[in-house]
Amino acid sequence: MIEFQNVSFAYEKDRYVIRDLSFRIEKGESVGLIGANGAGKSTVMKLILGLLQGEGKILVDGTEVRKETLGVIRRKLGFVLQNSDNQMFMPTVYEDMIFAPLNYMMSHEEADRRVDEVLARLHLEDLKYRYNHKISGGEKRMAAIATILAMEPDAILMDEPTSALDPYNRRIVINTIRELSQTKLITSHDLDMILDTCGRVILLSGGRIAADGPAEKILKDRALLEANRMELPLSLMGRM
Amino acid sequence: MHMADALLAPAVAATMYVASGTAAGISISKLKKDDEASKLPVMAVTSALVFAGQMINYTIPGTGSSGHMCGGMLLSALLGPQAGFLSMIVILAIQCLFFADGGLMALGANCWNMAFYGCFVGYYLIWRPIMKSKWFGSDKNAQRLRIIAASIIGCVLTLQLGAFSVVLETSLSGITELPFGAFCALMQPIHLAIGLVEGLITAAVLVFVYQSRPELLQCVDPADGEGAKASLRSVVAILAAVALVVGGGLSLLASSNPDGLEWALFGNAEEGYAENMGLDEDDFGVQSSAADAAGSIQEKTSFLPDYAFPDSEAAVGTTVSGIVGSAIVAGVAVLICFAGGFFRKKQKNV
Amino acid sequence: MNKMQKALHELSEMDELAARSTPLHALHPAAKLITTIAYILVTLSFNKYDLSGLVPMVLWPVLLFQISDTDVRSCFYKLRIVLPLVMAVGLFNPFFDREIILRVGSVGVSGGVVSMITLMLKGLFCLMASFLLMATTKIDNLCAALRSMHFPSMLTSLLLLTYRYVGVMTEELAVMTEAYHLRAPGQKGIHISAWGSFLGQLLLRSMDRAQELYSSMRLRGYHQHFHFAANRPFNGRDALYAACCILFFLLLRFISISQLLGGLFVR
């Protein structure tokens, strides 16, 4: 679904934050992208979405990410931002959810049907006509996910989906993510969440892949994690 | 400086709506030619920021009072005149709709007084010429001084124009008996002081932006002059001192020679204050034509056109009936309130 | 509470008022907008001495406050912004206009006093009218009505987008102000050394926010157009309401109800 072939990227000349990166994510896979602050996680996301252009080749569903192909590619990808306030810019949840479907030339009735379907699936029916600026942080995060699901993307990219949520809302979000059948790429420092939701983990360090493999294996490797400024997930520390 | 609805006659309010509407229309068509799509989010976030920023209290050194910022110059320096103007309109609309700051009908006038001057006059006459000039030299330091100069001159000038327009609009509406000259004498010096403070605040913010992200400012070449680092604080301090001296001088002047103002405001009408102020009342249309027209319609249609003869016996009779009638109206209003309460109670019980 | 928190409170209060459901809320926003504008225009058109003609105009807002079950107190709270300005202008009138135009018993009332009271009543009535509009109409419905009346969509989109972020920005500044004053007790405002950086910091962050916002729009296929929800169609009841109200205003404008009513009792 998503493939990086020798991709490099620098914000300033010769100061590379992504160096010669190559990996491949298959359809339906759930991949956690982890790494310390500044390891290049967000940059990878932005490169896939075509918000940044680097060197090398990035393929989404077989199509190369280029200026001309952005329309096709973005239609297949849904991106859940870390700050839901920046994602939900319309007055109401409903208007935010129909934003993408209508932009993609869908009829109003079809868009309405999708909105109701997604809201019912996530048990968020009573959020439909609420104001975005009047719903709580947890509701906002769920609404942001609903907004993306209404696009019916083939792959979903999530940036810190559980940040700043209380344990209850965090659990709701995790359960929701687990039920999604799409290809998923999730960046987070919440390694317990990654362990719960992702089968595979890519560990970035200094713009390179430090490890790539099954989540169970990488997240249990205390030495590897600590060498890359991370810690074992709480659930694997043996404290509980 | 937000005008309320009550201060405007319908004709003046409509004229100002047309004026601001034209400026908005031109701005919209200009922005549509540019990249409207990419500008909207920036405009929205910036105007939300300025809306909130207007509530910040800035302590004015050496005085107990605090200053505020209105934001017209700031917005046009960041977004350009057209986008800045539209953003200001939106800010004023939100203030009017949700906070009763300004009125629905006065919105046109408020947009003109506070947004048009700040954005268009401030940008085309002050900001752009100064930023493109070679004042103070060509290094980074000079650029900073240019920003400060443009902000202060711009804010002072646009606030003067705005205050003058408020006076003009109110006088044309025939709302106040205050002679035009005296009203100006009241408004302009106050807004000179306000403009200076606003200019300093705007300058401080813009210089901060210039130091971190010069590319965000209009008409500023980020690559211009990689010169020595200036002490911003000393520049601001010097300018603040200048502002204080000027402002203090002005207020001293006003208090040492109060009779001019006082006499203008409280002197009696028989002495012909208008001539003494060097102004002819009629020329400035203290009685607006709209009010006249409304009055003449009323004279034709009302059953008891009495007010033209204030001292006649008949008039006294009708004013009494007017008062009694008003009292009855008030009684009806109270009854409506009671009835409303009664029906609601009934509904709740059912 | 600092100023920004108060503003947030006021905003959310208006939101809640507009979200209720009463007969007035059910009317089409366009009908309410048109009648409000007509009301304000008629109110403003009264002659500055025509106090007895102006007084009956109070009936319409009073009636609407009752129908919409709106607490008049939150409206009067907003008077603190309107009245000082109107007073500042109106207070001079009694000094300049001393001609006696009205006698109550043996006390003469000058034209200046009458015009001052008229001015204040106008201020109050206009405030009540616009407050009622906003207390019974959601801002997005109002914008939808404006759009259907061919108001430029760029302005309404900008208004709604800005409105969405006014709360976010105000809250952020409220927190910053609180943090500032916790570290600078006894200071009334922002010290001059922080004049630029206080708002400047937030401004820079806001620019990044705007960029992210724009990305989030583009990623969802945004090009030029916003699709906001539309209002229900304008129906006969809305038209009837608007027509009746405007007729009532015109009636009050051209027939002095006070005089007529008073005339019944006083000869």
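Begin by selecting chain B of this predicted model, where the mean pLDDT is 75 and 70% of the residues reach 70 or more. If you colour the elements of chain B by mean pLDDT, helix 4 (residues 81-99) of chain B has the highest value, 94, whereas helix 10 (residues 273-276) of chain B has the lowest, 36.

Next, select residues 251-291 of chain B, a stretch over which the pLDDT is below 50, although it has 52 contacts in the model beyond near neighbours in sequence. Then move to residues 294-315 of chain B, where the pLDDT is again below 50 and where the model has 21 contacts beyond near neighbours in sequence. Where pLDDT is low, the predicted coordinates should not be read in detail.

Now turn to the largest nonpolar core, which has 255 residues, and select the members that touch the most other members: I48(A), L8(B), A48(B), F85(B), I89(B), L92(B) and L158(C). The largest share of this core comes from helix 7 (residues 180-212) of chain B, which gives 19 residues. Stay for a moment with L158(C), which, if residues up to four places away in sequence are not counted, touches L40(B), M43(B), A44(B), L86(B) and V90(B).

Finally, show chains A and C together and look at their contact, which takes 25 residues from chain A and 19 residues from chain C. On the side of chain A that touches chain C, the elements that give two or more residues are helix 2 (70-76), helix 3 (84-87) and helix 4 (93-103) of chain A, and helix 4 of chain A gives the most, with seven residues. Coloured by class, this side of chain A has 14 nonpolar, six polar and five charged residues.

Methods:
Residues are numbered from 1 along each chain as its sequence is written. Chains are lettered from A and ligands numbered from 1 in the order in which they are written. This is a predicted model: local features need pLDDT of at least 70, side-chain atom pairs count only at pLDDT 80 or more; totals for chains, interfaces and linings use all residues. pLDDT is the predictor's confidence in each residue, from 0 to 100. Helices (H or I, at least four residues) and strands (E, at least two) are DSSP runs, numbered from the N terminus. Two residues are in contact if their C-beta atoms, placed from the backbone, lie within 7 Å. A nonpolar core is a set of buried Ala, Val, Leu, Ile, Met, Phe, Trp, Tyr and Cys residues joined through C-beta atoms within 7 Å. A residue is buried if 20 or more other C-beta atoms lie within 10 Å of its own, exposed if 12 or fewer, and partly exposed in between; C-beta atoms are placed from the backbone. Ala, Val, Leu, Ile, Met, Phe, Trp, Tyr, Cys and Pro count as nonpolar, Asp, Glu, Lys and Arg as charged, and the others, Gly among them, as polar.
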